[in-house]
Amino acid sequence: MAYDTSDEDEEYEIEVVEEYIGDYGSVRSIVREALPFELMATIGGVISGLILSGMSNELSLIPGLIVITPAVLGMRGNISCTLGSRLGSAIHMGLITKIDRNPELINNVAGSLLLSTIMSAILGIAGHFITIALGMQSAGAITLTLIAVLAGVSSGLLLSVVAVLLALGMFRFGFDPDNVVTPAIATIGDIVSMIMIFLAAKVVLMI
């Protein structure tokens, strides 16, 4: 008479899943892993504000720059944080295990960069016309679009690399990427985006 081990295997799998969920889904785990990066995100916002305060010359020479700056930061955070979340999910499902020519990895990064390019162009044009509609001065659609695209794409490229390295690294060290990557990318993204806006404005002024 054959002994049926299917029930025991199923119970074992359930126990493993419950243990995994318990480790990554507990309040203690979430707070322990996310709190340091949330604090970093707050500090990063302050640093971004300091960078913006040092752009007074560029803001005065490029009318409309102050209008698109918060939008560039918001767009960059939305796209990069979404990329980080997708990478975290793919890593949990075993679709991404290392940096290689993985279609899942390539498609996520490529999609993020394409979104950055499209949304940056739309942002520059929309920023110009909204500024004009509100009776404010604008440096022009081409100027604002060029700044938005340069800042958006360059920061998007850097943050894509950071998101991939951070997601894989945190998972290998036993952290849940979903708790860590998003706030970390939000922090780094604000600082990197502000620096890239500053540099893009400098490039435009030199042209």
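Q: Where does Leu-134 lie?
A: Leu-134 sits in the loop between α5 and α6 (141–172). Helices here are DSSP runs of H or I with at least four residues, numbered from the N terminus. This is a predicted model, where local features need pLDDT of at least 70, side-chain atom pairs count only at pLDDT 80 or more, and totals for chains, interfaces and linings use all residues. Residues are numbered from 1 along each chain as its sequence is written, and side-chain values use heavy atoms, with hydrogens and water left out.

Q: Why is Leu-134 called exposed?
A: Exposed means over 50% relative accessible area, buried under 20%, partly exposed in between (1.4 Å probe, protein chains only). Leu-134 has 62% relative accessibility, so exposed it is.

Q: And what makes Thr-131 buried?
A: Its relative accessible area is 1%, so Thr-131 counts as buried.

Q: Which residues does Thr-131 touch, not counting those up to four places away in sequence?
A: Gly-64, Val-67, Met-136, Gln-137 and Ser-138; a contact means heavy atoms within 4.5 Å. Thr-131 itself lies in helix α5 (residues 103–133).

Q: How do you know which helix has the lowest confidence in the protein chain?
A: Go by pLDDT, the predictor's confidence in each residue, from 0 to 100. Helix α1 (residues 6–25) is lowest at a mean of 53, while α5 is highest at 91. Where pLDDT is low, the predicted coordinates should not be read in detail. The protein chain averages 81, and 84% of the residues score at least 70.

Methods. Helices (H or I, at least four residues) and strands (E, at least two) are DSSP runs, numbered from the N terminus.
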